[in-house]
Amino acid sequence: MNDTRQGTVLANYGRGVLVQDDARAWHCALKGRKQRPVCGDRVTFSADLSAETGTVESVQPRRNLIERIDARGRPEPVAANLDRVAIVVAPEPAPDWYLVDRYWAGARLARIPAMLVINKTDLGGQPLAAEIDNYRRLSLPCLEVAARSGDGLQALRAALAGGATLLVGQSGVGKSSLVNALVPHARAQTAELTRDEEGRHTTTTARRYALDEASALVDAPGVRDFAPPATMTRAAEHGFPEIDALAARCRFNDCRHFEEPGCAVRAAVAAGGISPRRYESYRRLLRLYERLAEPG
Ligand SMILES: Nc1nc2c(ncn2[C@@H]2O[C@H](COP(=O)(O)OP(=O)(O)O)[C@@H](O)[C@H]2O)c(=O)[nH]1
Ligand SMILES: [Mg+2]
Ligand SMILES: [Zn+2]
């Protein structure tokens with residue numbers, strides 16, 4: 001017997017998806033290759049009650065989508081229908097701030113609010129303080145926590161209340177540990193478990209967990225070289241609020257903020273209003289987009 005149901009995609013695996021409806025999670029097959037549901041998509045599926053499996057019939061339009069680009073610049077979806085992106089950093093492994101900037105730029109380009117979660121505060125956080133202060137100055141909310149001791153988790157839980165949050169960050173910063181600390185019975189695979197099982201269960205795609213009835217967490221696998229797709233012109237600039245805000249004051253409308261005369265952005269970097277490290281991050285992202293746009 002079949003009936004038609006609605007649900008949310010929890011994860012992709014092989015050639016199917018795991019879909020949660022009001023009652024339970026269903027392994028669903030996909031119909032054809034055109035369907036590309038991702039974690040967080042709302043789908044209609046037909047449930048085969050005797051086999052306890054389903055088939056995805058249709059994917060509902062998305063509110064938003066976080067994508068990354070592969071080495072050739074082709075977009076790959078990460079997760080859909082998000083209410084915020086939490087970028088996780090830790091003293092260990094040492095942060096790649098350029099990567100943090102790209103996650104934030106990706107959230108901005110998808111028009112999704114972002115926040116910075118500084119995990120492993122039990123290890124001490126002095127080396128991170130200057131960058132974190134700068135992000136705070138740019139109005140990026142920053143929260144300090146320790147998944148291991150539970151420090152700051154109450155404030156984090158409050159910040160994650162209502163809607164779906166995508167956790168992103170370098171491998172090893174503690175994303176899965178945070179999921180396990182916040183979601184009872186989640187059993188997200190952390191570094192320890194992955195090692196124990198010789199990497200067989202390493203997460204390779206995003207996985208969604210219910211935090212409570214109205215909130216969800218999406219654990220995205222460590223992405224070494226995340227960059228958002230440049231679907232809009234001046235994408236690199238729009239990814240950086242402090243550069244975006246000054247661009248209108250440059251002498252030339254199409255200023256790239258590199259060597260052009262009368263550049264308000266470079267003037268702000270020279271005067272100390274824009275962090276040279278953030279400016280360099282913008283330059284790297286723009287150069288990446290320019291390289292990908294080259295023919296051949
Ligand atoms: N000291 C400390 N270690 C942590 C904390 N949270 C996670 N870890 C450790 O960091 C390592 C990576 O954690 P994991 O959750 O797998 O990171 P992920 O790759 O971002 O999902 C594991 O060995 C965790 O035990 C924390 O708050 N303090
Ligand atoms: Mg993990
Ligand atoms: Zn300029």
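**Domains, fold and ligand**

Tutor: We can begin with the domain assignment, which divides the protein into domain 1 (2-59), domain 2 (65-219) and domain 3 (235-293). Please keep in mind throughout that this is a predicted model.

Student: OK, and how far apart are the centres of domain 1 and domain 3?

Tutor: Taking the C-alpha centres, domain 1 and domain 3 are 44 Å apart.

Student: What average pLDDT does the protein get?

Tutor: The average pLDDT is 91, and 94% of the residues reach a score of at least 70. Where pLDDT is low, the predicted coordinates should not be read in detail.

Student: Switching topic, how many helices and strands are there?

Tutor: The protein has nine helices and 13 strands. Its radius of gyration is 21 Å, which is close to the 19 Å given by the globule rule for 296 residues, so the protein is as compact as a globular protein of that length.

Student: And what box do the C-alpha atoms fill?

Tutor: Along the principal axes, that box is roughly 70 × 45 × 35 Å. As for the interior, 38% of the 296 residues count as buried. If you look at contacts between residues at least 6 apart in sequence, 61% of them join residues that are at least 24 apart.

Student: Now the ligand: which residues are closest to ligand 1?

Tutor: The closest are Gly174, Lys175, Ser176, Ser177 and Thr190, out of 19 residues that surround ligand 1. Helix H4 (175-182) and helix H5 (191-196) are the elements that each give two or more residues to this shell.

Student: Which element gives the most to that shell?

Tutor: That is H4, which contributes three residues to the shell around ligand 1. Sorted by class, the shell contains five nonpolar, nine polar and five charged residues.

Student: One more, about arginine 157: where is it found?

Tutor: Arginine 157 sits in helix H3, which covers residues 153-159.

Key. Residues numbered from 1 in each chain as written. Chains lettered and ligands numbered in written order. Predicted model: local features only at pLDDT ≥ 70, side-chain atom pairs only at ≥ 80, totals over all residues. pLDDT = per-residue confidence, 0-100. Near = placed C-beta within 6 Å. Helix = DSSP H or I, 4+ residues; strand = E, 2+ residues; numbered from the N terminus. Nonpolar A, V, L, I, M, F, W, Y, C, P; charged D, E, K, R; others polar. Domains from an automatic or database assignment. Rg over C-alpha atoms; globule rule 2.2 N^0.38 Å. Buried ≥ 20, exposed ≤ 12 C-beta atoms within 10 Å, placed from the backbone. Contact = placed C-beta atoms within 7 Å.
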